[in-house]
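Please keep the model open while going through the points.

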Amino acid sequence: MNKIRVIFAIVSCVVLVGLCGCGTAGGENENSPMPNKIENNGEGTGLYIKEGLWSSGGHCGDNEYTYSDLKAGDEIYNDWDSVITVKSVDDEKVVLSIDGCFVEPNEDGSINLNKQPLKKLTINRGETVEIETQTMDAGAKLEISYE
């Protein structure tokens, strides 16, 4: 009888932790991504990121970040064991360097867990690119626009 109680307690804890995944794996915390974000000053050029968080329990919320006056070396994202920095930027495109677990989703929205993570991403002015964490239980989807 005690073994059944112990097993039930363990399973209950695992389920509870799984349902609370959004609060622990990413999103807003003391190490929040993009702590030095720069609000666009209205002069046109800007990089916009919409971060959608998800866990095994479903969608967990969104965060939006806006940057202007970008230059090579600026860190624009640091979460999910991934760092995204600006490699180069001009009026026509921004080139991002990615160190981490982001991939482009398949056409049907699924993620190939065997795919090599992105190392570089080029976004042309007026374009929006979607990338997602290569994870199973919780993660983030980034929609990155350059305008």
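1. Start with strand 7. Its covered face holds L121 and I123, while K120, T122 and N124 make up the uncovered one. In a regular strand the side chains alternate between the two faces of the sheet. Strands here are DSSP runs of E with at least two residues, and helices are runs of H or I with at least four, both numbered from the N terminus.

2. A word on the source. This is a predicted model, in which local features need pLDDT of at least 70 and side-chain atom pairs count only at pLDDT 80 or more, whereas totals for chains, interfaces and linings use all residues. Residues are numbered from 1 along each chain as its sequence is written, and side-chain values use heavy atoms, with hydrogens and water left out.

3. Stay with I123, which sits in strand 7. Its relative accessibility is 0%, so I123 counts as buried. Buried means under 20% relative accessible area, exposed over 50%, and partly exposed in between, with a 1.4 Å probe and protein chains only. Which residues does I123 touch, not counting those up to four places away in sequence? They are E92, K93, V94, L96, V129, I144 and Y146; contact means heavy atoms within 4.5 Å.

4. Strand 7 pairs with strand 5 in the antiparallel sense, over 5 bridges. Two strands pair if DSSP finds at least two bridges between them. L121 in strand 7 is the bridge partner of L96.

5. Now the largest nonpolar core. The core has 25 residues, and I76, L96, I131 and I144 touch the most other members. Strands 1 (47-55), 2 (58-67), 3 (75-79), 4 (82-89), 5 (93-99), 7 (120-124), 8 (128-133) and 9 (138-146) each supply at least two residues. Strand 9 gives the most, with 5 residues. A nonpolar core is a set of buried Ala, Val, Leu, Ile, Met, Phe, Trp, Tyr and Cys residues joined through side-chain atoms within 4.5 Å. In soluble globular proteins, nonpolar side chains tend to be buried together.

6. I144 deserves a look of its own. Leaving aside neighbours within four places in sequence, I144 is in contact with L47, Y48, I49, L96, L121, I123, E127, T128, V129 and I131.

7. Strand 8 and strand 9 are antiparallel and joined by 5 bridges. E130 stands opposite E143 in strand 9.

8. How many aromatic pairs are there? The count is 1. Rings of Phe, Tyr and Trp (its six-membered ring) pair if their centres lie within 6.5 Å; planes under 30 degrees apart are stacked, over 60 edge-to-face, and the rest tilted. The ring centres of Y77 and F102 are 5.7 Å apart and the planes stand at 85°, so this pair is edge-to-face. Y77 is in strand 3 and F102 in strand 6, so the pair ties together parts 25 residues apart in sequence. Both Y77 and F102 are buried.

9. Finally, the overall tally. The protein has 2 helices and 9 strands. Of its 147 residues, 35% are buried.
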